[in-house]
Amino acid sequence: MLVLGLETSCDETGVALYDSEHGLLADALFSQIDLHRVYGGVVPELASRDHVKRMLPLIRQVLEEAGKSKTDIDAVAYTAGPGLVGALLVGASCAQALAFAWGIPALGVHHMEGHLLAPMLEEQPPAFPFVALLVSGGHTQLVRVDGIGQYQLLGESLDDAAGEAFDKTAKLMGLQYPGGPEIARLAQQGTPGRFKFPRPMTDRPGLEFSFSGLKTFTLNTWQQCQAAGDHSEQTRCDVALAFQQAVVDTLTIKCKRALKQTGLNNLVIAGGVSANKALRLSLEQMLGELKGAVFYARPAFCTDNGAMIAYAGCQRLLAGQHEGLAISVQARWPMEQLPAL
Ligand code: KG4
Ligand code: ZN
């Protein structure tokens, strides 16, 4: 089955062709980061308009790259939520229109299920069951995964998502959007041990997260340095490292707890923050001690992309799922509501 996947939940237009027999044939992405950077964050209306502009050229591009024509496509999968409603509607309308015109089924895919299954596109995919840490701009969740659609939420963030904490903290420190890669870049030059930041909610049992206090702690430290006349680039790097290390340690402690609680020793990390090298290293170390393994996607498939939507859609389409012609998207959509395959 050849599936065209469309991703438009936020500020990236992603398109891909996934073949159930031959794997990923082509994927293309247009990132709107430069468009939103001047505003310091995503402007929803601008995002929607840009998805409209990019979608059809990207579809033509993947067809050409894969050496396929529109008549070869068996189904269209698109992100139906969670995300920005206007942006989601562009992908949904486009997918439904193409499916109607071509006489093939369409299916709305859950964006976080897409992220969660992205490591399946790698050479050594994880086997069920496993614990998944989903860390994106909108979500921080620990999930027990027994199969596609068999999700048990173990814990999540009570306030900011991990990616959101990276973005907001970066903004407070005068860095550009998106802040995650910026902080990661500065942290490489940071002095280990100069600042010690708290590891929120690790001193009590449970798998919940809270990152908003850490953001404030970072801001206070940053402002104290500025007030003392320290405007050095080294201090910016040192603060970035202390913040990143606090997030990484906190995530690692909670992942270890979740693995212990479930008795599992395979961990999947997915979503934009799973591209963070310090996080990968820390989790690999922890899993090494537990004689387990950690799985993640290549960096381009950690952040938003069409390939994960084409893959996740394909699995559900193969199981017989598809939709009517209604164009419906959801800004909020708990992943546990998805049907099991
Ligand atoms: O999954 P994603 O592309 O979009 C959402 O579904 O939200 O995640 C984007 C988030 C942003 O908050 C971004 O700052 C963060 O992922 N991010 C990173 C890194 N690369 C992207 N955070 C930390 N380190 C990185 N290397
Ligand atoms: Zn995402």
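This is a predicted model: local features need pLDDT of at least 70, side-chain atom pairs count only at pLDDT 80 or more; totals for chains, interfaces and linings use all residues.
Local features need pLDDT of at least 70, side-chain atom pairs count only at pLDDT 80 or more, and totals for chains, interfaces and linings use all residues. Residues are numbered from 1 along each chain as written, chains are lettered from A and ligands numbered from 1 in written order, and side-chain values use heavy atoms, without hydrogens and water.

User: Which protein donors hold the zinc ion (ligand 2)?
Analyst: Donors are N, O and S atoms within 2.8 Å of the metal (3.2 Å for Na, K and Ca); water is not among the atoms, so sites may look incomplete. Here the protein donors lie 2.0 to 2.1 Å from the zinc ion. They are His111 (NE2), His115 (NE2) and Asp304 (OD).

User: What spacing do the donors of the zinc ion follow along the chain?
Analyst: The spacing is H-x3-H-x188-D. His111 lies in helix H4 (residues 111–117) and Asp304 in the loop between strand E10 (293–295) and helix H10 (306–318), so the pair ties together parts 193 residues apart in sequence. Helices (H or I, at least four residues) and strands (E, at least two) are DSSP runs, numbered from the N terminus.

User: Are His111 and Asp304 buried or exposed?
Analyst: Buried means under 20% relative accessible area, exposed over 50%, partly exposed in between (1.4 Å probe, protein chains only). Both His111 and Asp304 are buried.

User: Which element gives the most residues to the shell around ligand 1?
Analyst: H4, helix H5 (162–172) and helix H6 (179–187) each give two or more residues. The top contribution is 3 residues, from H5.
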